[in-house]
Amino acid sequence: MENFTPLASLFGGALIGLSAVVLMLLNGRIAGISGITAGLLSFSGSVPDRGWRIAFVAGIVIAPLALVLLTGSRPDIAFVAPMSMTIAAGLLVGFGTILGNGCTSGHGVCGIARLSTRSIIATAVFMTAGIATTFIVRHLIVGG
Amino acid sequence: MKRLLGGLAAGLLFGAGLSISGMINPAKVIGFLDIAGAWDPSLAFVMLGAVAVTAIGYRTVLRRGQPMFEPRFTLPTRRDIDPSLLLGASLFGIGWGLGGYCPGPALAGLGFGGLETYAFVAAMLAGMIAARWYANRQSTADGARRAS
């Protein structure tokens with residue numbers, strides 16, 4: 001547990017919650033990253049609400065860089081998976097979040113906060129699948 | 001224009017939260033999912049903080065008749081637990097466990113120029129397009145079955 005950061009994580013989580021509240025108050029939308037991102041991927045004609053989706057994604061990309069300028073320290077970003085596994089992971093995350101109508105933010109944060117049964121079940125399923133996959137990869141395959 | 005500002009404000013807060021909480025780091029997320037290893041429970045605190053603030057905030061906000069920059073709230077209405085929900089959540093969870101990234105942190109990491117992050121996001125977008133194509137095909141097939 002040497003990497004345990006309860007206060008920073010609680011505060012960061014509260015900011016994510018504040019983001020969800022702000023998006024609902026201003027635009028009346030659920031802060032679901034997979035849905036907002038996928039809404040930009042339509043190639044057939046114009047998407048009426050493309051603008052705020054682009055602004056939202058831009059905000060997510062810009063904020064961590066702005067924090068580096070403010071604090072002078074870069075966040076740690078380290079990968080434990082080799083490149084091939086990272087690409088497979090991306091495909092599964094993209095396909096699964098659209099098929100299941102949400103990810104950690106839409107189901108895990110906004111949906112649970114609304115006490116949505118669909119979101120509570122989806123979150124239990126992806127948490128369990130994530131823990132099981134990590135166990136298989138890190139202890140049965142890599143760990144031997 | 002106001003809706004753009006709404007999106008940007010929420011995105012900035014979200015990105016800051018992902019960075020400060022440590023979720024931007026795939027190794028830290030794997031540390032949370034790896035309950036049989038050197039378990040790092042930090043992610044539970046991210047969820048706790050996020051869900052608590054959202055639950056309280058939504059209560060207040062949804063009591064208003066409408067949002068500030070839009071005529072109405074857009075809320076999910078489905079309640080059924082269908083196979084797509086369970087299959088989709090399972091595939092997502094497997095991908096999350098393999099890579100340590102879910103969609104938000106992957107986007108938040110884009111500014112730091114890691115090749116793995118670019119590759120993950122490109123694959124994620126391809127997966128999203130494939131899922132849309134698959135869902136469209138399913139609903140077309142369902143429609144054809146009902147029509148015949």
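Leu115(A) is found in the loop between H5 and H6 of chain A, in a predicted model; helices here are DSSP runs of H or I with at least four residues, strands are runs of E with at least two, and both are numbered from the N terminus. Phi of Leu115(A) is near 60°, a positive value in a residue other than glycine. Most residues other than glycine have a negative phi. Leu115(A) is exposed, with a relative accessible area of 66%, where exposed means over 50%, buried under 20% and partly exposed in between (1.4 Å probe, protein chains only). A positive phi, of about 60°, also occurs at Asn101(A), likewise not a glycine. Asn101(A) lies in the loop between H4 and H5 of chain A and is partly exposed, its relative accessible area being 46%.

Residues are numbered from 1 along each chain as its sequence is written, and chains are lettered from A and ligands numbered from 1 in the order in which they are written. Local features of the predicted model need pLDDT of at least 70 and side-chain atom pairs count only at pLDDT 80 or more, whereas totals for chains, interfaces and linings use all residues; side-chain values use heavy atoms, without hydrogens and water.

Chain A contains six helices and zero strands, in the order α-α-α-α-α-α from the N terminus. The C-alpha trace of chain A spans about 50 × 40 × 30 Å along its principal axes. Of the 144 residues of chain A, 53% count as buried.

Chain A and chain B are in contact (heavy atoms within 4.5 Å) through 107 residues of chain A and 106 residues of chain B. The area buried between the two chains is about 9,400 Å², with 79% given by carbon and sulfur atoms; buried area is the accessible area (1.4 Å probe) that two parts lose on being put together, summed over both. Two salt bridges are counted between chain A and chain B, each defined by a side-chain nitrogen of Lys or Arg within 4 Å of a carboxyl oxygen of Asp or Glu. One of them joins the side chains of Asp82(B) and Arg118(A), at 3.1 Å from N to O. On the side of chain A that touches chain B, at least two residues come from each of H1 (6-27), H2 (33-38), H3 (50-71), H4 (83-99), H5 (104-113) and H6 (117-141). The largest share of that side, 21 residues, is supplied by H1(A).
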